[in-house]
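Good morning, colleagues. Please look at the display.

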Amino acid sequence: MAGHSKWANIQHRKGRQDAKRGKVFTKLIKEITVAARMGGGDPNFNPRLRLAVDNAKTQNMPGENIDRAIKRGTGELEGVSYEEARYEGYGIAGAAVMVDCLTDNKTRTVADVRHAFSKYGGNMGTDGCVAFQFKHCGQLMFAPGTNEDALMEAALEAGAEDVIPNDDGSIEVVTAPYEFSTVKEALEKAGFKAEFGEVTMKPLNETELEGDEAVRMQKLLDVLDSLDDVQNVYTSAVIDEE
């Protein structure tokens with residue numbers, strides 16, 4: 001990845017996520033509810049729910065909140081019914097953008113997303129226009145200086161799909177989306193603790209932005225992410241903080 005530091009970019013993203021913790025619980029509760037509704041309330045037999053519950057525990061969500069969200073999903077408690085929606089488009093310099101939502105009103109949500117794209121320099125596209133540019137996977141990032149050979153052996157033994165050393169010395173472990181928690185736990189038992197980890201839509205190619213383009217792109221991403229119905233925003237843009 002010549003031209004930018006993978007490690008610096010991941011730290012930049014993590015910092016922005018940490019700054020938005022106020023919205024994190026709301027997103028997690030929605031995801032737990034939908035996962036339970038679609039696949040049942042037992043995390044042992046519902047990989048999507050297990051991942052959502054693991055994420056909630058990582059964010060120190062109280063167990064009673066998790067249980068209530070599961071019961072809403074399975075119908076044991078009354079609650080709002082959310083639908084999944086994905087919107088795709090282009091940001092600054094044609095960078096791909098994908099917006100995943102959980103909503104109780106798709107008409108409102110699509111209007112909000114389209115408005116954000118058009119107001120902040122993007123362009124909302126048709127279904128499938130950029131989805132092929134992303135891979136749904138788990139991503140674990142390890143700090144520069146991690147023993148590459150030992151990590152690779154442990155990761156492949158744990159069931160990881162790939163281990164990618166970056167030019168800046170950081171190492172990325174890629175997993176199947178619902179094997180993320182299993183691989184992460186196995187690596188921690190082997191003595192490897194990731195600095196950053198998530199299940200994401202990983203761009204297959206990246207668009208490097210800097211200067212004014214980077215500032216404008218970050219603004220678009222922040223506005224999209226701030227919308228109430230938005231769960232996740234994915235992009236091929238790599239934003240230079242310089």
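Glu88, or E88, lies in strand β1. Please bear in mind that this is a predicted model. Is E88 buried or exposed? Its relative accessible area is 5%, under the 20% limit, so E88 is buried. The side chain of E88 reaches the backbone nitrogen of A131 at 2.8 Å. A131 is also among the residues in contact with E88 beyond four places in sequence, a list that includes V97, M98, F117, M124 and D127.

Let me follow one of these partners, F117. Apart from neighbours within four places, F117 is in contact with residues including E88, Y90, V99, L220 and L224.

This brings us to the nonpolar cores. The largest has 23 residues, and F117 is among those with the most contacts inside it, together with V99, V113, M217 and L224. At least two residues each come from β1, β2, α5, α8 and β10. The largest share, 6 residues, is supplied by α8. There is also a second, separate core of 16 residues, with F142, A154, A155 and A160 among its members.

Finally, I turn to a helix pair. How do α3 and α7 cross? Their axes come within 9 Å, at an angle of roughly 50°, and the two helices are therefore oblique to each other. On the α3 side, R50, L51 and D54 take part, meeting F180, S181, T182 and E185 of α7. By class, the residues of this contact comprise 2 nonpolar, 2 polar and 3 charged.

How values were computed. Residues are numbered from 1 along each chain as its sequence is written. This is a predicted model: local features need pLDDT of at least 70, side-chain atom pairs count only at pLDDT 80 or more; totals for chains, interfaces and linings use all residues. Side-chain values use heavy atoms; hydrogens and water are left out. A nonpolar core is a set of buried Ala, Val, Leu, Ile, Met, Phe, Trp, Tyr and Cys residues joined through side-chain atoms within 4.5 Å. Buried means under 20% relative accessible area, exposed over 50%, partly exposed in between (1.4 Å probe, protein chains only). Helices (H or I, at least four residues) and strands (E, at least two) are DSSP runs, numbered from the N terminus. Contact means heavy atoms within 4.5 Å. Axes are lines fitted to C-alpha atoms, for helices over the stretch in contact, and angles run from 0 to 180 degrees between N-to-C directions. Angles under 35 degrees count as roughly parallel, over 145 as roughly antiparallel, 65 to 115 as roughly perpendicular and the rest as oblique. Ala, Val, Leu, Ile, Met, Phe, Trp, Tyr, Cys and Pro count as nonpolar, Asp, Glu, Lys and Arg as charged, and the others, Gly among them, as polar. A polar contact is a pair of N or O atoms within 3.5 Å; within protein, one must be able to donate a hydrogen and the other to accept it, and residues adjacent in sequence count only if both atoms are side-chain atoms.
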